[in-house]
Amino acid sequence: MVESVSEFGERLRSWLEDNLGPGVEATGWSAEDRRRTTQAMFDAGFIGTTWPVEYGGRGLSSEYQTEYNNAVGARKALLANDQVTVGICAPTVFDCGTEAQRQTYLQRMLRGDDSWTQLLSEPGAGSDLAGVTTRAVLDGDEWVVNGQKVWTSAAVGATYGLALVRTDSDLPKYAGISTLIIPMDSPGVDVRPLKQMSGDSDFNEVFLDNVRVPKDNLLGELNDGWAVLGKMLTHERIALSAGTISSSMVSDEFDALLALAQARGVVNRPDVRHVLSEIYMQQKLLDFTGIRMRRALDAKAPMGPVGSIGKIGAAKLARLTGEANILIGGESTVAWRETDSLSPKHARALLRFPIVGIAGGTTEIQKNVVAERVLGLPRERRADRDTPFRDIPKNR
Ligand SMILES: Cc1cc2nc3c(=O)[nH]c(=O)nc-3n(C[C@H](O)[C@H](O)[C@H](O)COP(=O)(O)OP(=O)(O)OC[C@H]3O[C@@H](n4cnc5c(N)ncnc54)[C@H](O)[C@@H]3O)c2cc1C
């Protein structure tokens with residue numbers, strides 16, 4: 001008999017208590033800690049609740065996933081396979097892969113045996129991803145890939161990269177690109193970490209120099225990469241806002257900020273009350289957007305632009321959280337020193353909040369999507385839409 005949602009939640013919470021210890025925040029874990037915990041949680045039946053049974057999931061409804069999100073998110077346990085691998089790459093392989101690719105990759109992704117990274121952005125292609133210049137040329141049974149990617153999250157230690165590559169420069173820019181699965185240990189893949197202003201190194205440059213990839217590693221049809229990317233970006237917006245995984249980019253900050261305001265005796269100040277109430281409302285709106293997304297997933301209904309709406313909301317919540325940290329934490333938030341009584345996490349939150357409005361497509365791009373697809377405003381003009389890619393002027 002299938003356990004009920006509440007039995008599942010109870011079993012998961014007591015598993016976390018037994019295995020992570022009380023009060024442990026799993027944010028400081030090493031990649032290896034995360035991988036081992038993910039594997040153990042998969043083996044105990046907690047991961048892949050909504051995934052089809054034939055690919056390693058449990059085939060349950062999204063209520064189990066919501067329960068999982070609440071229990072694991074409350075422990076801030078970002079697992080090895082959470083956002084990029086399971087939230088973004090796995091559903092893209094599911095949507096666009098052959099049966100052989102689904103069988104080869106999906107269960108290993110869910111279990112945390114493999115981790116994936118997205119090789120999309122380039123120095124000359126970010127919001128305008130159809131401008132990628134990384135080339136893949138077929139040589140016998142292998143693709144030969146050359147180019148440079150940038151801002152690649154989770155590339156250090158990744159097993160596979162899902163890469164957007166140009167496969168035909170004679171076709172217009174949207175028509176001549178494809179998606180390739182690149183084993184990251186292939187000769188010619190060079191991953192170089194980049195340092196952010198927060199001091200973290202979340203992302204990397206990735207250089208691809210004559211990387212040889214089996215012909216069968218094409219995901220989706222040849223020159224149909226734009227359609228694959230469309231699916232991937234929908235999953236990404238959902239995963240990064242309020243969607244399907246344990247820890248969205250914006251975690252539950254309201255309680256921590258309220259406690260800090262009380263401890264510092266500023267909770268009755270009008271500006272503090274105002275920003276806290278805005279955070280509370282925004283967090284609730286995001287929760288409801290998440291429920292809408294998960295219901296649409298359950299019903300296998302088209303997701304539409306709801307991911308863009310969630311992502312705009314998540315970016316707003318992140319900005320409000322940054323502002324609240326300054327108002328409540330005071331000068332230590334902007335210039336933290338080791339002797340300060342305030343925890344450095346408030347300064348860190350301030351330096352990290354801009355990420356949410358950029359990664360996975362900027363807020364301006366999400367607003368364009370909403371303008372065109374929700375409000376029915378005229379589409380943005382794309383003068384180079386029908387020009388063969390090789391004839392479009394480029395910087396290099
Ligand atoms: C933390 C983090 C992690 C990331 N991880 C990955 C990853 O794993 N893999 C990956 O491939 N990429 C990743 N990225 C890259 C991210 O997807 C891009 O930074 C983002 O899409 C914007 O592209 P860009 O930086 O080239 O900026 P640009 O596209 O050059 O944009 C610059 C500015 O112009 C605005 N703009 C551009 N076009 C328009 C338009 N048509 N209408 C209105 N405004 C516009 C933008 O909103 C922005 O403000 C990551 C970024 C961050 C910050």
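At 14% relative accessibility, Phe 254 counts as buried, where buried means under 20% relative accessible area, exposed over 50% and partly exposed in between, with a 1.4 Å probe and protein chains only. This is a predicted model, in which local features need pLDDT of at least 70, side-chain atom pairs count only at pLDDT 80 or more, and totals for chains, interfaces and linings use all residues. Residues are numbered from 1 along each chain as its sequence is written, and side-chain values use heavy atoms, with hydrogens and water left out.

**Aromatic pairs**

Let us stay with the rings for a moment. The structure holds eleven aromatic pairs. Rings of Phe, Tyr and Trp (for Trp, the six-membered ring) pair if their centres lie within 6.5 Å; planes under 30 degrees apart count as stacked, over 60 as edge-to-face and the rest as tilted.

One of the pairs joins Tyr 174 and Trp 226: the ring centres are 4.8 Å apart and the planes stand at 75°, so this pair is edge-to-face. It links distant parts of the chain, 52 residues apart, with Tyr 174 in the loop between strand 4 (160-166) and strand 5 (177-183) and Trp 226 in helix 6 (residues 225-241). Helices (H or I, at least four residues) and strands (E, at least two) are DSSP runs, numbered from the N terminus. Tyr 174 counts as buried, at 12% relative accessibility, while Trp 226 is partly exposed at 33%.

The rings of Phe 254 and Tyr 280 have centres 5.1 Å apart and planes at 65°, so they are edge-to-face. This pair also links distant parts of the chain: Phe 254 belongs to helix 7 (residues 254-263) and Tyr 280 to helix 8 (residues 270-298), 26 residues apart. Tyr 280 is partly exposed, with a relative accessible area of 42%.

Elsewhere, Phe 8, Trp 15, Phe 46 and Tyr 64 form one aromatic cluster.

**Charges over rings**

Arg 102 lies over the face of Phe 94, at 4.2 Å from the ring centre. Arg 192 lies over the face of Phe 207, also at 4.2 Å from the ring centre. The criterion is NZ of Lys or CZ of Arg within 6 Å of the ring centre and within 35 degrees of the ring normal.

**Around the ligand**

Which residues come nearest to the ligand? Of the 19 residues around the ligand (a heavy atom within 4 Å), these are Ser 121, Ser 127, Trp 151, Thr 362 and Glu 364. The table gives polar contacts, meaning a pair of N or O atoms within 3.5 Å; within protein, one must be able to donate a hydrogen and the other to accept it, and residues adjacent in sequence count only if both atoms are side-chain atoms.

| Side chain (N or O atom) | Ligand atom | Distance |
|---|---|---|
| Ser 127 | oxygen | 2.6 Å |
| Ser 153 | nitrogen | 2.7 Å |
| Glu 364 | oxygen | 2.7 Å |

Taken alone, the ligand exposes 970 Å², and the protein buries 68% of that (Shrake-Rupley method, 1.4 Å probe; for residues, only the protein chains shown count as cover). Strand 3 (142-153) and helix 12 (363-373) are the elements that give two or more residues to the shell.

**Backbone**

Most residues other than glycine have a negative phi. Trp 151, in strand 3, has a positive phi of about 60° although it is not a glycine, and counts as exposed at 51% relative accessibility. Ala 154, in the loop between strand 3 and strand 4, has a positive phi near 55° and is partly exposed at 38%.
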